[in-house]
Amino acid sequence: QEQLAESGGGLVQAGGSLRLSCAASGATFSNHAMGWFRQAPGKEREFVAAINWSGGFRAYADSVKGRATISRDNAKNAVYLQMSSLKPEDTAVYYCAASRFVSTIVAPTSLRDYAYWGQGTQVTVSS
């Protein structure tokens with residue numbers, strides 16, 4: 001069974017940095033576009049960043065552009081999200097997802113384009 005497992009969340013002070021990791025098991029997602037989404041309490045899940053299968057194309061939400069970098073290591077079946085200059089409004093549960101887009105240049109930004117989801121990792125940014 002395909003599984004995605006996020007790690008790397010935690011409590012960090014505003015202005016700090018962290019790196020989230022997503023490890024896939026049960027299947028290889030090396031040819032799938034991958035994405036990160038987040039959901040804050042009382043809010044809908046929102047797009048954060050996406051990367052196409054080869055890593056050559058990336059997309060970012062305006063709210064994190066310039067502060068986030070998505071990357072992947074297909075040999076390790078893993079995806080990463082490096083975030084810096086964190087703000088209290090970045091507080092949310094962060095989810096890794098694997099897209100339906102396979103072997104394309106597309107780095108999708110819509111939730112409906114993703115078929116597999118992890119359980120999420122909590123990120124809390126204190127002011």
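Predicted model: local features only at pLDDT ≥ 70, side-chain atom pairs only at ≥ 80, totals over all residues.
Residues are numbered from 1 along each chain as its sequence is written, and side-chain values use heavy atoms, with hydrogens and water left out. Local features need pLDDT of at least 70 and side-chain atom pairs count only at pLDDT 80 or more, while totals for chains, interfaces and linings use all residues.

The structure holds one disulfide, the term being applied to a pair of cysteine sulfur atoms within 2.5 Å. The bond is formed by Cys22 and Cys96, with the sulfur atoms 2.0 Å apart. The torsion about the S-S bond is about -75°, so the disulfide is left-handed. Distant parts of the chain are linked by this pair, since Cys22 lies in strand β3 (residues 18–25) and Cys96 in strand β9 (residues 92–102), 74 residues apart. Strands (E, at least two residues) and helices (H or I, at least four) are DSSP runs numbered from the N terminus. Both cysteines, Cys22 and Cys96, are buried; buried means under 20% relative accessible area, exposed over 50%, and partly exposed in between (1.4 Å probe, protein chains only).

Five aromatic pairs were counted. Rings of Phe, Tyr and Trp (its six-membered ring) pair if their centres lie within 6.5 Å, and planes under 30 degrees apart count as stacked, over 60 as edge-to-face and the rest as tilted. The ring centres of Phe37 and Phe47 are 5.7 Å apart and the planes stand at 70°, so this pair is edge-to-face. Phe37 belongs to strand β4 (residues 32–39) and Phe47 to strand β5, ten residues apart. Phe37 and Phe47 are buried, and together with Tyr114 and Trp117 they form one aromatic cluster.

Arg45 lies over the face of Trp117, at 5.0 Å from the ring centre. The charged end of Arg45 also sits over the ring of Tyr95, 3.6 Å from its centre. For such a contact, NZ of Lys or CZ of Arg must be within 6 Å of the ring centre and within 35 degrees of the ring normal.

The loop between β5 (46–51) and β6 (58–60) contains Phe57, and Gly55 lies in the loop between β5 and β6 as well. Gly55 counts as buried because its relative accessibility is 14%, whereas Phe57, at 41%, counts as partly exposed. The C-alpha atoms of Gly55 and Ser71 are separated by 6.7 Å, with the two residues 16 apart along the chain.
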